[in-house]
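Visitor: I have a structure open and would like to walk through parts of it. Can we take it piece by piece?
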Amino acid sequence: MAVIRDVMPAFELFQPATTDDALALLAKYGSDAWVLAGGLDSFDWLKDRIKRPKVVVDMSQASGLRGIKEVNGGLEIGAMTTLTEVVRHPLVKEHFSLLAEGAELAASPQIRNQGTIGGNVSQDTRCWYYRSGWKCYRAGGNICFADTPTAINREHAILDADRCVAVNPSDSAPALIALDAQMVIRGPGGERVVNAQDYFVGPDINIMRMTVLKPNELLTAIRIPGTWGGAKFYFEKIRDRQVWDFPLVNVAAAMKVSGGKIDQIRIAVNGVAARPLRLTAVESAVIGKPADAATGEMAGKIAIQGAVALRFNAYKIPLLRNLVKRAIGGVQEAAWKS
Amino acid sequence: MPTNKVNVPNYRFIGKNYTTPDMVAKVTGKSKYAEDFRAEGMLFCKLLLSPMPHARVKRIDASKALALPGVKGILTADELPPPAAFITDDGVMIPPDPRAERGLTNEPLYQGEPILAVAAVDEETAAAAIELIEIDFERLPFAVDPLVTLSPGGPNTRNEGNVWVVPPPAPPKPGERPAGPLLPDVKEFKWTDAEYAEYKQGKLPVSKPSMEWSYGDIDAGFKKADLVMDETFVTPNTSDQTLETRTAMAYWQNGKLFVHCSTQSTAQTVPAIARWMSMDTTNVVVISEYTGGGFGSKVTSGIILTVPALLSKKVNAPVMLRISREEEHFLGRARPGLHGRMKAGFTKDGRIVALDMFVVCDGGPYGPQGDANASGRIVSLCYTPENMRWRGINVITNTPPRGPQSQPGGAQGVMIMEPLLSNAARKLGLDQVAIRRINAPSGKAGIGPAIKGKRDHVTSAFVPEALDKGAELFRWNERKNQTKKSGTKARGIGVAVSAYSAGSIGFDGLFVIKPDGKIYVQTGIGNLGTEAMIDCQRVVAEVLGVPWERLEITWGSTAKHLPWSCPSGGSQTIHAMTRAAHAVSMDAKLKLQEIAAMDLGGKPEDYEVGGERVYRKGGGAGMSLAQAAQRAIKLGGKYDGHELPPEIAKMTKASATALAGQGLLAVAKDKYKRDGISNSYVAGFAEVEVDLETGTYRITDYVGVADVGTVIHPRAFGGQMFGRTSLGWGHALAQKWVYDQHYGAPLAKRFYQNRPPTILDVPVSNFKWAAVDIPDPETPVGARGIGEPPVGAGASAVLNALADALGEQIYRRAPVTADIILMALETGKPGDEPLTAHI
């Protein structure tokens, strides 16, 4: 049978007003259902007719999932809060600017107005073979098209690849890991809470999914503890275009420095593996050291240990090294006004 | 008989900003593009695209699709009219080409080529029907990289071979017209093992060419040279990516075909459709009021519009074909990438005394493209080498069809030459502006090959003036000495010279002065966003001395009696159609003077036209335009369009005939003399800042100075400078195709993947443009087009600035992305696969 792309097929649309109603729909329709947040990831899949749900559960009317509130010196962000709302929120800007920076570097203003924080962390990979509908491991097949001698894999993984070499493209995810955020998940059995770093899964755990979210579950909120509020933050994203582009590599770090020495640190990177990676080896190596260029150099070298280049992505190794270095030691700016 | 007249300095409208009459509709969303039209009972159709890069359709079973409720019909390649011979308006016979692209095919030559179409009550039904079609293919050999098919033992890209060969036209027999061009032939060509070995070393082998020309004596030139450079450079394939896709809607009434489409030429799309459909031009009506971008890809719309046209006839209902962004990637045309090998000899003072240029054009499946040849012609003009040889091969690849894109071939030629020129200046210790100035075209500079010892020349060139003005605006001499490296940043400056064709001649103007005293201007120019369609008509107000508000402009439908106009491609319009506007205004002026003399006495030349009147010089008797229009109707004959000049085009004659009797009808063909080929020029100056730890860079400053003769509409000119320069920057920054060579499959089909530049990638507030403001001496108001040369200047000035910041060993291809810079900085040498296409 012939294939056609870029025309959205019909589906039955539900717009539940509450999480309970949404969960009931997911329970009822099972694998026929698709959860829709902002639609920026979903509509690509649906228009290309590669994912063919019979039922779409649009969460946009579930008002309880939208908004940001202060909880015990930290924040609780509803999963359906748009990236623009996250970026502009005064408490996010004041205490957790790391997240504001990461979220603001995602996509474009129009996409951030529509795209949600829940969708941004739960989005699928952008591996162009997989997104073209090729039957790879991640799509239930038995090959990785991006890891062949002829494959074009400039944007693929250098770390933790296991058969699949796709990367996670989220810009908010590493910021949330660095802020020690927690993901609040609701399912048929009630609520469970997982640490941000454990929300994401690599192909070694589940080659067909990007997160621990089960098909009958919903991400309802993201909690950021007060712990890292006002810490020293660093976020940087490298991309080919200055807007509307996924990261080649990004880095997010939260540091507490006293007397010039690093007391505590959390650092995470994305675009290098199928899940955003918290760099715990870097963290333990730099604690107690001065937050300077020399420590940064050392941290950068630790970050790339075990990195393996594919045919076209060797540049990601020095890029990751240098971004981690800058996250800790800062950037040596030019004498002229850049 | 009109004569050439250069620039009258005190213009009232020319060179002044104003708001075009289509603007409010555009900014309020009231403008209707092809997709916005609906017709009674209209169906939608969708396309089945080839999943393979080269195959033969063995079997189609559409029974399940046709049984789906709402499906109204199917169209396959078997139902298309066979390729037919075509006679141009000049009487030249173009023979039928069995290898030409058609709307649908049974032998797809690239992944994404349309095979069949299904019409249904809506798009969802049509798409669902496509998925019900059983189709079997026989796989055929393919290559998506031009150098793979040239390699010894490499696959052929068409069944008969892999390169285009155009036989030279037969010399005309005494007393006969020259014959039309002969059909291009396909031949097989492979490198020798030695050539292949050179390719594996990262150099483009200079193999046997299929095209060749020269002038002077390059061997003698190289003997004179103090420095000889030999470099390979690869330019990217880039989709034209118009924001409006090539959607079309068609219906039939009384044997006439009506097509709503997106085109760069309302008038010239009529004969194109007639040729594709094997119909008479009088039975084709084109409606295209607004076009959402063309860049050369919609010069006469696109052949895909024959699909809704034929389906509409078959199912007896209007049919709309909306082209999706994915389909536009396949059908929307692209600039062919050129692989260039350039050997150049310089004297100590930087003069180019010999240039030996060899290019391989990645031409897609249909062709051959003119880009390869144009690259050599433009290099010969921009850098005026004393002796030059150009050679090339037009290679067929199983990738989407190419077509013109702003400065086709010229941009690639400039991008191949400029890095070499910059490296030569460094080796010779010369200033980058100075080496371009010493080689810059000036006056009636030569262009292209010598034929029987004689070269063509341009109408005028003022490139030294453009370089001087640009260097001053950019503060080149001051910046030359600025610190290049500090902290983790490096910065550099670059300059580049660019040129391209900028005007054709011989088109018609047509308007009627009606008894309400207003001037009703008809135009067949396409409205693709450059505003040239309207800007040209400023000349009418200027010559007749009437307020701009007294002009009513009719465009966008050939049912509205439009004259034969140039296509808005190759930056012809502002040159060609200001000439036509001038010619028709002079015709009106003469008719007004004659009418006044008839009624009020004296001779025609005793009368002046201005202030909406024709009046006796020095004051006295006169009449208003409204009165003159009434008199013209009474007089009849040539005054109201009942007698027409014999030289105007067929379409103009039909339109003028339809408008006859409504007032004073002015109609004329541009017969002004022109000595030379019209070209325009840009000198571009860029500064970049590079982050040495990430390989990313920003364009921090840019100055573009254009030599375009008289600027008709400064704001539109500035828009073109910024837009086309941005298009060029995209070629340096990130825009490209990506293919998996093993599967022949495109991987970057969406904007976020193939990365045209965005507004945040370009220096919006640090972009300066200027013009040298010297009128071209070979055209009445001195204006040439601006749509092409900013591209090559934009791309190359940035590439040169990068080399200034980082050194020569950074890149050997474009675009230059962060990975290329970072790896070059890490390893000290350019990337490992400089010649592999589409990575």
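Guide: What follows is a tour of chain B, taken from a predicted model.

Visitor: Start with the overall layout. Which domains does the assignment give for chain B?
Guide: The domain assignment gives domain 1 (35-140 + 248-321), domain 2 (142-167 + 184-238 + 334-404), domain 3 (431-447 + 457-503 + 676-736 + 767-832) and domain 4 (506-669).

Visitor: How far apart are the C-alpha centres of domain 2 and domain 4 of chain B?
Guide: Those two centres lie 48 Å apart.

Visitor: Let's look at a sheet. In what order do β28, β29 and β30 of chain B run?
Guide: The order is β28-β29-β30 in chain B, an open sheet of three strands with antiparallel pairing. β28 and β30 (622-624) of chain B are the edge strands, each pairing on one side only. From one strand to the next, the twist averages 15°.

Visitor: Which strands does α17(B) lie across?
Guide: α17(B) lies across β28, β29 and β30 of chain B, and runs at about 130° to β28(B). α18(B) lies across β29 and β30 of chain B, at about 90° to β30(B).

Visitor: At what angle do those helices, α17 and α18 of chain B, pack?
Guide: Helix α17 (residues 573-600) and helix α18 (residues 625-635) of chain B pack at about 80°, with axes 10 Å apart. That angle makes α17(B) roughly perpendicular to α18(B).

Visitor: Which residues of α17(B) and α18(B) meet?
Guide: From α17(B) there are B:Lys591, B:Leu592, B:Ile595 and B:Asp599, which meet B:Ala628, B:Arg631, B:Ala632 and B:Leu635 of α18(B). By class, this contact of α17(B) with α18(B) has five nonpolar, three charged and no polar residues.

Visitor: Back to the strands. Where is B:Glu612?
Guide: B:Glu612 is in the loop between β28 (607-610) and β29 (613-616) of chain B. Its phi is near 60°, a positive value in a residue other than glycine. B:Glu612 counts as partly exposed because it has 18 C-beta neighbours inside 10 Å.

Visitor: Does B:Gln241 count as buried or exposed?
Guide: Buried, because it has 22 C-beta neighbours inside 10 Å.

Visitor: New topic. Why does B:Thr291 count as buried?
Guide: B:Thr291 counts as buried because 27 C-beta neighbours lie inside 10 Å. This residue lies in the loop between β15 (284-287) and α8 (306-315) of chain B.

Visitor: What does B:Thr291 touch?
Guide: Leaving out residues up to four places away in sequence, the contacts of B:Thr291 include B:Glu244, B:Ser262, B:Lys298 and B:Asn527.

Visitor: Last one: is the peptide bond from B:Gly367 to B:Pro368 cis or trans?
Guide: Cis, with omega near 0°. B:Pro368 lies in the loop between β19 (352-362) and α10 (371-382) of chain B. The bond from B:Ala814 to B:Pro815 is cis as well, and B:Pro815 is in the loop between α22 (790-806) and α23 (818-827) of chain B.

How values were computed: Residues are numbered from 1 along each chain as its sequence is written. Chains are lettered from A and ligands numbered from 1 in the order in which they are written. This is a predicted model: local features need pLDDT of at least 70, side-chain atom pairs count only at pLDDT 80 or more; totals for chains, interfaces and linings use all residues. Axes are lines fitted to C-alpha atoms, for helices over the stretch in contact, and angles run from 0 to 180 degrees between N-to-C directions. Helices (H or I, at least four residues) and strands (E, at least two) are DSSP runs, numbered from the N terminus. Angles under 35 degrees count as roughly parallel, over 145 as roughly antiparallel, 65 to 115 as roughly perpendicular and the rest as oblique. Two residues are in contact if their C-beta atoms, placed from the backbone, lie within 7 Å. Ala, Val, Leu, Ile, Met, Phe, Trp, Tyr, Cys and Pro count as nonpolar, Asp, Glu, Lys and Arg as charged, and the others, Gly among them, as polar. A residue is buried if 20 or more other C-beta atoms lie within 10 Å of its own, exposed if 12 or fewer, and partly exposed in between; C-beta atoms are placed from the backbone. Domain bounds come from an automatic or database domain assignment. Two strands pair if DSSP finds at least two bridges between them.
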